[in-house]
Amino acid sequence: MTGASKSKPPLLREDGKRLDGRSFDELRPLSIEARVLNDAAGSALVVWGKNKILAGVFGPRECIPRHDESPYRAVLRCRYNMAPFCSLEEHGRSGPSRRSQELSKVISEAFENVVIAESYPKSAIDVFIDVLQSDGGTRCAAVTAAAVALADAGIPMKDMVAAVAVGKVEGKLALDLSKEEDNWGESDNPIAFASRNGEVLLYQMDGQLTRDEIDQAMTMGKAAAQKVHAIQTDALRRVYTRAGEVALPLSLKPGEARSE
Amino acid sequence: MSKIVVPGEVVSDKPERMAYTFSDGQKTYATALSLLNEEGKLVPLEGPYEPIVEDVVVGYVTDIRFTGYNVELGEPFSGFLSSRDSRATFRLGSIVQARVINVDEVKSIDLADARGLEGGWLEHISPVKVPRLIGKRNSMINTIAQMTGCNLVVGRNGYVFVSFAGNHSLAIEAIRMVEAQAHTTGLTDRVAALLREKAGAKNMNAQAGMAGAQVNMAGMPTSQMARGQDDNSQM
């Protein structure tokens, strides 16, 4: 917590809106670009508020180390990593940490539900997710980026995955928490939904919500995940309007990013 | 009008069995990023190679053992060519064309009828775009082979052998163009136009004129050979 103020800042403006001027059920600006890396089988850049996340998929390829491989299916390995320069303030540290290992694990497990790995026995599908710039909600943005990258690679999947966080700020449920709201709010619940049937593939809870609030949070999250899914689909389709060309528009600004 | 579908998107309102889809008993959904055409058929846009018996594949030797050769076929697959199924001998790195004779449950691939390919190199394209590169009744690959004078051998696994004889770099440019624009229509004509323009320009650049013509002439017999092989690749 070095560098950040120790006491809780106000999380709402005087007009009752959130710090960045959003209403409680509004997403931050989101834009996605697919096929941004030359050598990856599939890749995606997600710019979501102040988050910038790059995901690259390699494989199915030979599984190294060999003792990880399975004769029944491909192993899916997601690696979430924060770049040393990603942080706006103190959040995040490069290299393996307890936090990044946890996120790598939960993201891998979310995707194990949708990837049809049985087609590629004795191989590995690697998904590298790098946080280039972080604000609140990097794991949701990471899942969203990884789903686009996997689809772009043509890995067979039963479904796309879209994730969004729902939290509680100053006693009210709020969608897609920013860093301040995440740090100082009462609760943060990142949720990943399967886009076809709305199944929950990841649900983590920090802080507490009542049962009613969880029901409400799920409804809010599901509606928002559909919006995220529409942007994911659009990103994948746009690859083919630019003739499969590879472009990495790191200059995408959150202001230029489109929402809904 | 064909439409791009993403994994999990509905492709049919009743359960159907077709490639690159799955069904939950009520509807049919796509599993891969693909093009859904008017007839309701899915053509995948990306994806790894799915080995099938009788495929003609192209790869290179990565290991020589007493019993045979390991042949790299593009990740995640490598094939095994038993010495019993092949008369030819190869060296490490030799480029070979072979036929898949068996694929087992862990997708180990057995190869036979191997033939060495010399005097060229391997290009790799996305395996799902191989049918596009071959074209209807070999139209695309014949166009490229004829116009560049190159010997081309296309493997189902996405490796393409391109001979140094002929206009090598132009052939590669055309192959890359097919890969990038595989989802568009009228591609054969556009590739032909590109080849005409570039090949024509080259002949004009060579002031002597005759020199360029001779290269093409020398290239002709090889392109004839190439067509014979392409018939194989189509099987």
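This report walks through the contacts, cores and backbone details of a predicted model.

**Where the chains meet**

Let us begin with the contact between the two chains, to which chain A brings 29 residues and chain B brings 22 residues. On the chain A side, strand E3 (51-62), helix H2 (138-152) and helix H4 (211-241) are the elements that give two or more residues. By type, this side of chain A consists of 13 nonpolar, 7 polar and 9 charged residues.

**Domains of chain B**

Chain B splits into domain 1 (3-44), domain 2 (56-117) and domain 3 (120-234). Where domain 2 of chain B meets domain 3 of chain B, the contact draws 10 residues from domain 2 and 14 residues from domain 3. Strand E7 (56-64) and strand E10 (95-103) of chain B each supply at least two residues to the domain 2 side, and E7(B) gives the most, with 5 residues. That side of domain 2 holds 7 nonpolar residues, 3 polar ones and no charged ones.

**Nonpolar cores**

The largest nonpolar core has 90 residues, and A:Ala44, A:Ala145, A:Ala146, A:Leu150, A:Val161 and A:Val164 have the most contacts inside it. H2(A) gives the most to this core, with 11 residues. A second, separate core has 43 residues, including B:Leu81, B:Ile144, B:Val153 and B:Val154. In soluble globular proteins, nonpolar side chains tend to be buried together.

A:Val164 is worth a visit in the viewer: leaving aside residues up to four places away in sequence, its contacts include A:Cys140, A:Leu175, A:Ile191 and A:Val228. Strand E1 (residues 30-34) of chain A and strand E2 (residues 42-48) of chain A run antiparallel and are joined by 5 bridges. E1(A) is mostly covered, with 4 of its 5 residues buried.

**Backbone details**

| Site | Feature | Angle |
|---|---|---|
| A:Gly59 to A:Pro60 | cis peptide bond | omega near 5 degrees |
| A:Ile64 to A:Pro65 | cis peptide bond | omega about 0 degrees |
| B:Tyr20 | positive phi, not a glycine | phi about 65 degrees |
| B:Lys107 | positive phi, not a glycine | phi near 60 degrees |

A:Pro60 is found in strand E3 of chain A, while A:Pro65 is in the loop between E3 and strand E4 (75-82) of chain A. B:Tyr20 lies in the loop between strand E2 (10-12) and strand E3 (21-23) of chain B. B:Lys107 is in the loop between E10 and strand E11 (109-117) of chain B.

Are these two chain B residues buried or partly exposed? B:Tyr20 counts as buried because it has 21 C-beta neighbours inside 10 Å. B:Lys107 has 17 C-beta neighbours inside 10 Å, so B:Lys107 counts as partly exposed.

Terms used: Residues are numbered from 1 along each chain as its sequence is written. Chains are lettered from A and ligands numbered from 1 in the order in which they are written. This is a predicted model: local features need pLDDT of at least 70, side-chain atom pairs count only at pLDDT 80 or more; totals for chains, interfaces and linings use all residues. Domain bounds come from an automatic or database domain assignment. Two residues are in contact if their C-beta atoms, placed from the backbone, lie within 7 Å. Ala, Val, Leu, Ile, Met, Phe, Trp, Tyr, Cys and Pro count as nonpolar, Asp, Glu, Lys and Arg as charged, and the others, Gly among them, as polar. A nonpolar core is a set of buried Ala, Val, Leu, Ile, Met, Phe, Trp, Tyr and Cys residues joined through C-beta atoms within 7 Å. A residue is buried if 20 or more other C-beta atoms lie within 10 Å of its own, exposed if 12 or fewer, and partly exposed in between; C-beta atoms are placed from the backbone. Two strands pair if DSSP finds at least two bridges between them.
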